[in-house]
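Open the model in your viewer and keep the selection panel at hand. The stops below say what to select next and what is there.

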Amino acid sequence: MISYLASIGVTIGIYALLALGINVAWGLTGMINLGMAGFFALGAYASAIATTTGDMPIVIGVVLGCIFAGAAGLLLAAITLRLRGDYLAIITLGCSESIRLFMTNEIWLTRGPDGISNIPGPLRGEITPQDFNLLFLGIMIIVLIVVVILLRNLANGPYGRALRAIRDDDVVAAVAGKPVGRLRLEAFALGAGLLGLAGALFGHYQSYIAPDMFLPLITIYIFLALTAGGPGNMLGAVLGAALVVFVLEGTRFVHDLIPGLSIVQVAAVREISVGVLLILALRFRPKGLVPERTLRSAEVGLPHGGERTR
Amino acid sequence: MELIPQLLVNGVLYGSLLALPAIGFTMIFAVLRFPNFAVASIATLGAFAGWVANVPMGLPILLAVVAAFVIAGIVGVLTDDLVLRPMRPHGALTTAIASIALTVVLENIIRFGFGNDLRGYDLPIVRDWRFLDIRVGPQQFENLVLACLIMVILFVFLRYGRFGKAMRAVADNPQLAALKGIPSGTVTRLAMFIAMGLVGVGGILQGLGTAIDPLTGFRFILSIFAAAVVGGLGSIPGAVLGAFVVGIGQELSLVVLDPTYKSAVGFLAILVVLIFRPEGLLGEKRQ
């Protein structure tokens with residue numbers, strides 16, 4: 001039981017990191033990234049390959065996964081910088097599918113559809129599986145706290161205000177002298193790096209990864225987490241991730257409630273409920289359960305009073 | 001090499017399959033200005049609606065195609081009214097995200113009803129035609145003729161009918177169209193019906209060549225986007241041209257690439273076009 005709860009906790013942590021990554025790009029800066037699954041996969045594969053084939057320590061693998069996904073995000077953002085948001089939506093979605101095709105086909109590097117197994121985890125095999133789950137949960141919580149604190153400082157500081165200004169009106173932000181293009185690149189790359197971090201940790205926790213684990217479906221899980229928690233809000237993203245995992249775990253019991261459903265049908269019910277929840281959240285609570293606080297000029301220390309209204 | 005002509009022919013055949021859903025996707029974009037990712041599940045829905053008409057009900061393929069058009073069109077309009085229309089004031093990107101959620105819901109409703117098994121249509125088994133070493137399946141050829149016929153009807157309907165004019169007016173400037181007394185709600189619904197109907201037909205035509213499962217539309221979607229973006233989002237002739245460019249490009253890529261990379265070629269085509277000509281081959285420059 002403790003082991004089960006710890007594994008749920010780790011899953012919440014992974015989803016929370018993903019939601020935070022999307023939050024930097026979408027919640028703060030207004031750049032859509034539907035290719036989340038792709039960057040998640042890049043981080044997982046980079047770290048897994050570095051620590052299995054490359055025999056490197058786990059920490060180095062995680063850092064590499066993070067950098068690798070971030071660099072890919074930077075490249076994609078640089079290519080698409082001049083394009084409108086709707087093009088970015090299509091391209092990022094296409095990018096994640098192409099990454100999955102690559103993972104499936106380049107067997108020499110990724111072992112193809114079989115996936116990579118025996119990815120090392122911290123002290124795995126030396127302690128009991130329950131202790132391993134608890135240890136990983138502890139690592140996850142520390143990573144999350146560090147990331148949330150860093151992102152909150154970033155979001156509430158001048159940098160975050162500039163990003164929000166771009167989200168709300170990029171022309172005004174440019175007129176105010178903000179380097180809109182550079183900030184967009186940085187925000188997108190930072191977000192992608194966090195997605196890579198989530199992927200790397202996911203691989204080390206699961207000890208096994210395969211291309212089928214990185215389907216675009218996970219994108220709607222994370223957008224549900226983010227929308228429920230409130231876009232632009234870092235703690236909200238963590239709460240939203242917990243909510244999504246509870247919904248996913250909760251729908252496992254559908255099988256007991258309605259006997260006679262096949263496994264495929266139960267899985268279908270689960271995806272339907274996530275999809276419906278996301279639609280309802282977007283429709284009725286687009287600002288989330290914890291709406292973003294509008295900063296007043298006194299709080300950010302602007303010289304003249306003047307309230308920003310939305 | 002006989003290989004290249006064969007691949008060219010295959011590319012034209014595949015392009016004709018892509019053209020219909022690409023027209024649908026681009027039409028919705030032209031009128032409503034958002035990428036509607038629900039086309040993935042609507043294509044699957046068309047394929048399954050046609051399968052129900054063809055296999056359990058025993059209707060001929062032509063009627064199955066009609067069933068695919070009508071069911072996909074109706075479900076497209078209803079789900080848009082119910083789910084996406086109220087989302088539009090929140091912005092194009094929020095609507096796009098909602099359309100992904102919608103596509104997941106529809107796909108899983110199909111999965112709930114039909115399961116994950118592959119299903120084939122009731123088709124006579126016929127030998128491929130051969131012309132000078134080029135092989136063409138009679139069914140593929142029928143699909144090509146059917147797709148071209150539908151495109152011609154659509155072109156005449158949109159170019160010379162009152163609806164086409166009204167749709168272009170709404171696409172161009174909804175406020176002005178409303179001032180002129182064009183019922184933009186009705187025009188939007190009819191455009192959505194036709195667009196999703198075409199997507200449904202695209203789904204069944206794609207399924208006729210192979211077999212269908214709940215992911216049929218999803219596998220196809222990258223190529224559909226590629227066709228629409230390469231041609232210029234919002235341009236119907238562009239979508240047709242883009243479909244043939246992407247179709248032929250994907251087939252020709254087999255000379256150098258593994259077949260599993262076929263749909264990645266579509267993504268590559270999007271990138272190349274957007275870097276060098278962001279408005280697409282036939283798209284207009286917009287601010």
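What pattern does chain B follow, read along the sequence? Chain B runs α-α-α-α-β-β-α-α-α-α-α-α-α. The model is predicted: local features need pLDDT of at least 70, side-chain atom pairs count only at pLDDT 80 or more, and totals for chains, interfaces and linings use all residues. Residues are numbered from 1 along each chain as its sequence is written, while chains are lettered from A and ligands numbered from 1 in the order in which they are written.

**Stop 1: chain B as a whole**

The C-alpha atoms of chain B fill a box of roughly 60 × 45 × 35 Å along the principal axes.

Chain B has 287 residues and a radius of gyration of 19 Å, which agrees with the value near 19 Å for a compact globule. That radius is taken over C-alpha atoms, and the globule rule is 2.2 Å times the number of residues to the power 0.38.

Buried residues make up 53% of chain B. A residue is buried if 20 or more other C-beta atoms lie within 10 Å of its own, exposed if 12 or fewer, and partly exposed in between; the C-beta atoms are placed from the backbone.

Now look at contacts. Two residues are in contact if their C-beta atoms, placed from the backbone, lie within 7 Å. Of the contacts in chain B between residues at least 6 apart in sequence, 75% join residues at least 24 apart.

**Stop 2: H1 and H5 of chain B**

Select residues 3–32 and 138–160 of chain B. These are helices H1(B) and H5(B), packed at an angle of about 40 degrees with their axes 9 Å apart. Axes are lines fitted to C-alpha atoms, for helices over the stretch in contact, and angles run from 0 to 180 degrees between N-to-C directions.

H1(B) and H5(B) are therefore oblique to each other. Angles under 35 degrees count as roughly parallel, over 145 as roughly antiparallel, 65 to 115 as roughly perpendicular and the rest as oblique.

The crossing of H1(B) and H5(B) is left-handed. Left-handed means that the near helix is turned anticlockwise from the far one by less than a right angle; clockwise is right-handed.

Show side chains here. On H1(B), the contact residues are B:Leu13, B:Ser16, B:Leu17, B:Ala19 and B:Leu20. Their partners on H5(B) include B:Asn143, B:Leu144, B:Ala147 and B:Met151. By class, this contact has nine nonpolar, three polar and no charged residues. Ala, Val, Leu, Ile, Met, Phe, Trp, Tyr, Cys and Pro count as nonpolar, Asp, Glu, Lys and Arg as charged, and the others, Gly among them, as polar.

**Stop 3: H2 and H9 of chain B**

Next, select residues 39–54 of chain B, which form H2(B), together with H9(B). Their axes come within 8 Å and cross at roughly 130 degrees. H2(B) and H9(B) are therefore oblique to each other. H2(B) passes H9(B) in a right-handed crossing.

Among the residues that meet here are B:Val39, B:Ile42 and B:Ala47 in H2(B), with B:Phe218, B:Ile221 and B:Ile224 in H9(B). The contact of H2(B) with H9(B) has nine nonpolar, four polar and no charged residues.

**Stop 4: B:Val246**

Zoom to B:Val246 in helix H10 (residues 236–252) of chain B. Is B:Val246 buried or exposed? B:Val246 is buried, with 33 other C-beta atoms within 10 Å.

**Stop 5: the contact between the chains**

Show both chains. The contact takes 37 residues from chain B and 35 residues from chain A. On the side of chain B, the elements that give two or more residues are H4 (92–114), H9 (216–231) and H11 (262–276). H4(B) gives the most, with 15 residues. By class, this side of chain B has 28 nonpolar, seven polar and two charged residues.

**Stop 6: chain A**

Select chain A. Its secondary structure comes to 14 helices and zero strands. The radius of gyration of chain A is 20 Å, close to the 19 Å that the globule rule gives for 310 residues, so chain A is as compact as a globular protein of that length. Buried residues make up 48% of chain A.

Finish at A:Leu81, in the loop between helix H3 (58–80) and helix H4 (85–105) of chain A. A:Leu81 counts as partly exposed, with 15 C-beta neighbours inside 10 Å. Draw a distance from A:Leu81 to A:Gly181: their C-alpha atoms are separated by 7.0 Å, though the two are 100 residues apart along the chain.

Key: Helix = DSSP H or I, 4+ residues; strand = E, 2+ residues; numbered from the N terminus.
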